[in-house]
Amino acid sequence: MAHIGIIGAGISGLTLALLLREKGHTVRVLEVSDQPGGAIRTTRDRDGWMAEWGPNTIIESSGRIKRLVSMLDLEGRRRYPDISAKKRYIVRDGRMVAVPGSLRELIRTPLLSRSAKLSILREPFRQRYRPVPSSQQTAPPHHSHSDSGTSFHTNDESLAGFVRRRLGEEFLKWPIDALVGGIYAGDPERLSVKHAFPRLALLEEQHGSLILGQIKGGVRRPPESDEIPRNKAEIFSFDDGLQVLPEAISARLGDAVILNSRVAGIEMGRTEAPGSESIANSRWRITFTDPQEPPLTFDSVIYAGTSQGLKSIKMPGPLSETVTPVADILHPPVVSLTLGFHRRDIGHPLDGFGVLVPGIEGFPILGTLFTSTLFPNRAPDEDHVTLTTYLGGTRQPEIAEKSEEEQVKLVLESLRNLLGLRGEPLYRHRILWARAIPQYETGFARYLTLMDRAEHEHPGFYMAGNYRTGISVGDTINAAFDLAERIDQDLIGS
Ligand SMILES: Cc1cc2nc3c(=O)[nH]c(=O)nc-3n(C[C@H](O)[C@H](O)[C@H](O)COP(=O)(O)OP(=O)(O)OC[C@H]3O[C@@H](n4cnc5c(N)ncnc54)[C@H](O)[C@@H]3O)c2cc1C
């Protein structure tokens with residue numbers, strides 16, 4: 001049994017703590033803020049409105065996510081969206097168009113032109129990606145991205161390059177740009193297909209075609225994998241919002257979660273302290289910014305804080321040199337604005353998940369979720385609705401910096417155009433994430449190498465979080481299961 005210190009009570013740190021405790025270890029989770037959950041946070045208003053600060057949904061992308069929910073006895077509180085919320089809209093020529101769900105709908109959809117549809121049909125016949133031989137690689141002078149879509153970090157193709165090559169420019173400019181704005185608040189020209197959308201890259205690698213790969217059952221997985229294919233994976237939340245999940249984990253962990261506690265330093269090695277056996281026998285020591293908070297000692301330390309936070313934590317020289325550059329991963333700012341309205345003031349039936357807006361359409365928003373259609377309890381009653389709109393991202397970071405009043409004005413204008421909104425909002429909740437979502441850009445492998453190296457060269461030190469193993473809540477939960485297993489094995493071996 002080992003004593004493990006975990007820095008950060010986001011979903012990564014909390015899930016790790018729960019799983020490691022299940023394996024018989026003792027844990028302490030050290031969190032700077034006054035609430036567990038990190039980016040997962042819900043505001044429940046007394047008048048019956050509810051707003052999420054960060055994520056609104058979790059994709060049930062593995063059996064382990066189901067297991068976590070059942071370990072916490074939360075099945076009765078989990079909510080899957082109604083079938084009516086399955087429809088997704090994308091803006092084309094200023095209007096909302098439903099994303100086709102079948103071949104018949106694809107043939108008829110005004111989302112893509114005739115030539116774009118024909119280009120999709122030709123996809124199976126296009127050649128696989130051919131890596132540029134290292135002898136032919138040239139570095140652009142100031143930027144790591146070339147017009148062709150293949151970056152200087154050769155063989156790390158951009159998502160835009162990949163989609164242009166396989167499906168054509170129009171598919172990139174509408175559906176893909178919209179999707180990337182909705183998931184990463186990012187730019188397909190800058191994201192790496194291999195790192196940001198690994199399943200797409202694998203479909204091409206394994207089957208030579210996205211369409212044929214999909215027909216043949218998608219990406220091949222190892223037999224022991226409990227992954228649920230994306231087209232079958234459900235999304236969910238909870239009756240009282242997503243924060244139910246971190247709250248439940250935190251309640252299970254009890255006083256092992258220490259809030260309002262900012263870690264200032266991580267020290268390594270045997271630190272002798274007169275009269276303290278535990279310090280003399282431990283390898284890792286954590287100090288806090290508050291001098292009143294005594295240092296804690298551990299057999300292992302997991303850094304599950306934000307990547308930016310790595311800059312402000314004092315670490316031994318070689319460890320610091322290795323991990324500090326990870327703080328440079330781009331995280332564009334994003335504003336999440338939830339507005340509440342009378343249902344009668346919206347001209348659209350809100351019969352879907354929401355609407356995504358491609359950059360080429362020139363709107364000042366990334367997209368809007370029909371949050372009260374998705375889940376119950378988001379608005380006071382049937383006569384009211386909530387809509388959550390995202391602004392900013394890599395596409396328009398300057399909009400995230402505008403004042404709240406200006407942002408509300410921009411959102412209302414967009415909603416008037418898209419949804420036939422007539423009235424004024426009855427409820428408003430806004431949050432600015434100055435560093436919202438890590439961008440897995442071309443060249444991202446260098447950060448992964450640094451994190452691997454930090455762990456390899458400093459046994460007992462681990463890193464977890466959305467800047468390493470995937471940006472979604474589901475990714476971070478899956479990664480926590482993997483890491484808890486690895487740490488347990490390392491401890492048995494040591
Ligand atoms: C606006 C927005 C919308 C999103 N939408 C979705 C969505 O719909 N679906 C989805 O799956 N994902 C979504 N995501 C992504 C998802 O929420 C995150 O990737 C995930 O919650 C990250 O969890 P984490 O534990 O890795 O990191 P975090 O949640 O960032 O947790 C890190 C924790 O470490 C703490 N910390 C940092 N430094 C220190 C220190 N020195 N000492 C102590 N504590 C420290 C922080 O306070 C924080 O609590 C969204 C994110 C944002 C911002």
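**Close-up 1. Helix H8 gives the largest share of the lining of the second largest pocket, 5 residues.** This view, like the others here, comes from a predicted model. Sorted by class, the lining residues of the second largest pocket are 7 nonpolar, 1 polar and 6 charged.

**Close-up 2. Helices H2 and H17 pack at an angle of about 85 degrees.** Here we turn to a contact between two helices. H2 covers residues 63–71 and H17 covers residues 473–493, and their axes are 9 Å apart. The two helices are therefore roughly perpendicular to each other, as angles of 65 to 115 degrees are counted that way. On the H2 side, look for Arg64, Ile65, Arg67 and Leu68; they meet Gly474, Ile477, Asn478, Phe481 and Asp482 in H17. Taken by class, the residues of this contact of H2 with H17 are 4 nonpolar, 2 polar and 3 charged.

**Close-up 3. Tyr89 and Phe370 form a tilted aromatic pair.** The whole structure holds 9 aromatic pairs, and this view picks out one of them. The rings of Tyr89 and Phe370 are 6.5 Å apart, centre to centre, with 45 degrees between their planes. Where do the two partners, Tyr89 and Phe370, lie? Tyr89 is in strand S7 (residues 88–92), while Phe370 is in the loop between strand S17 (367–369) and helix H13 (371–374), so the pair ties together parts that are 281 residues apart in sequence.

**Close-up 4. Strand S4 gives the largest share of the lining of the largest cavity, 3 residues.** Strand S4, the element behind the largest share, spans residues 50–52. By class, the lining of the largest cavity divides into 2 nonpolar, 4 polar and 2 charged residues.

Terms used: Residues numbered from 1 in each chain as written. Predicted model: local features only at pLDDT ≥ 70, side-chain atom pairs only at ≥ 80, totals over all residues. Heavy atoms only, no water. Axes fitted to C-alpha atoms, helices over the stretch in contact; angles between N-to-C directions. Helix = DSSP H or I, 4+ residues; strand = E, 2+ residues; numbered from the N terminus. Parallel < 35°, antiparallel > 145°, perpendicular 65-115°, else oblique. Contact = heavy atoms within 4.5 Å. Nonpolar A, V, L, I, M, F, W, Y, C, P; charged D, E, K, R; others polar. Phe/Tyr/Trp six-rings, centres within 6.5 Å; stacked < 30°, edge-to-face > 60°.
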